[in-house]
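I opened a new notebook page for this structure. My plan is to look things up one at a time and write down what I find.

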Amino acid sequence: AELAALAETPSAVACECPRHLAEIVSLLVGFEQYSAECGSQNANDAAMHRHLHEVTSVARTMFEQALARVVLDEGLVV
């Protein structure tokens with residue numbers, strides 16, 4: 001809900017970074033969940049999905065940190 005609100009919050013400057021970052025985080029959350037639940041045909045396939053989940057988790061965390069900084073720097077309130 002907070003990501004959706006941030007995506008709709010107008011920026012103090014002509015910057016759409018909050019919206020873009022919120023959308024990226026939402027997409028990463030979706031893929032992270034998908035990769036955790038994706039069926040595997042064998043051990044190699046399971047390992048690949050674990051790897052995708054881990055990489056996506058790291059990327060999501062980094063984008064969440066970037067979004068948090070933008071929120072603080074722009075004084076956005078959700």
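**Entry 1: Helix H1 and the model**

I began with Glu 8, which lies in helix H1 (residues 2-8). I take helices (H or I, at least four residues) and strands (E, at least two) as DSSP runs, numbered from the N terminus. This is a predicted model, where local features need pLDDT of at least 70, side-chain atom pairs count only at pLDDT 80 or more, and totals for chains, interfaces and linings use all residues. Residues are numbered from 1 along each chain as its sequence is written, and side-chain values use heavy atoms, with hydrogens and water left out.

Is Glu 8 buried or exposed? I found Glu 8 exposed, with a relative accessible area of 66%. My cut-offs are under 20% relative accessible area for buried, over 50% for exposed, and partly exposed in between (1.4 Å probe, protein chains only).

Next I looked from Glu 8 to Arg 19. The two are 11 residues apart in sequence, and their C-alpha atoms are 6.7 Å apart in space. I also checked Ala 5 against Arg 19. Along the chain they are 14 residues apart, and 9.0 Å separates their C-alpha atoms.

**Entry 2: The whole chain**

I counted elements in the protein chain and got three helices and zero strands. From the N terminus on, the order is α-α-α. The protein chain has 78 residues, and buried residues make up 24% of them.

**Entry 3: Helix H2**

How many residues does H2 have? H2 has 21 residues. From its first C-alpha to its last it reaches 30 Å, close to the 30 Å expected at 1.5 Å a residue. The expected span is 1.5 Å times one less than the number of residues.

I listed the buried residues in H2: Pro 18, Leu 21, Ala 22, Val 25, Leu 28, Glu 32 and Ser 35. Seen down the axis of H2, the buried residues fall within an arc of 155°, so they line one face of the helix. The arc is that of the directions from the helix axis to the C-beta atoms. I noted the general rule beside this: an α-helix has 3.6 residues a turn, so residues three or four places apart point the same way.

Then I turned to the face of H2 directed away from its buried side. That face carries the exposed residues Leu 27, Tyr 34 and Glu 37.

Val 29 is also in helix H2. I found Val 29 partly exposed, with a relative accessible area of 26%. Val 29 and His 53 are 24 residues apart in sequence, and 10.0 Å apart in space, C-alpha to C-alpha.

**Entry 4: Salt bridges**

How many salt bridges does the structure hold? It holds five. I count a salt bridge when a side-chain nitrogen of Lys or Arg is within 4 Å of a carboxyl oxygen of Asp or Glu.

I went back to Arg 19, which lies in helix H2. Its side chain meets that of Glu 16 in a salt bridge (2.3 Å, N to O). Arg 19 is partly exposed at 27% relative accessibility. Glu 16 is partly exposed too, at 45%.

Arg 19 also forms a salt bridge with Glu 23 (2.9 Å, N to O). Glu 23 and Arg 19 are four residues apart in helix H2 (residues 17-37), so about one helical turn separates them. Glu 23 has a relative accessible area of 37% and is partly exposed.

Another salt bridge pairs the side chains of Arg 60 and Glu 32 (2.4 Å, N to O). Arg 60 lies in helix H3 (residues 43-74) and Glu 32 in helix H2, so the pair ties together parts that are 28 residues apart in sequence. I found both Arg 60 and Glu 32 buried.

Which residues do shared partners join into one network? They are Glu 16, Arg 19 and Glu 23.

**Entry 5: H2 against H3**

I checked how H2 and H3 sit together. Their axes come within 9 Å and cross at roughly 160°. That makes H2 roughly antiparallel to H3. Angles under 35 degrees count as roughly parallel, over 145 as roughly antiparallel, 65 to 115 as roughly perpendicular and the rest as oblique. Axes are lines fitted to C-alpha atoms, for helices over the stretch in contact, and angles run from 0 to 180 degrees between N-to-C directions.
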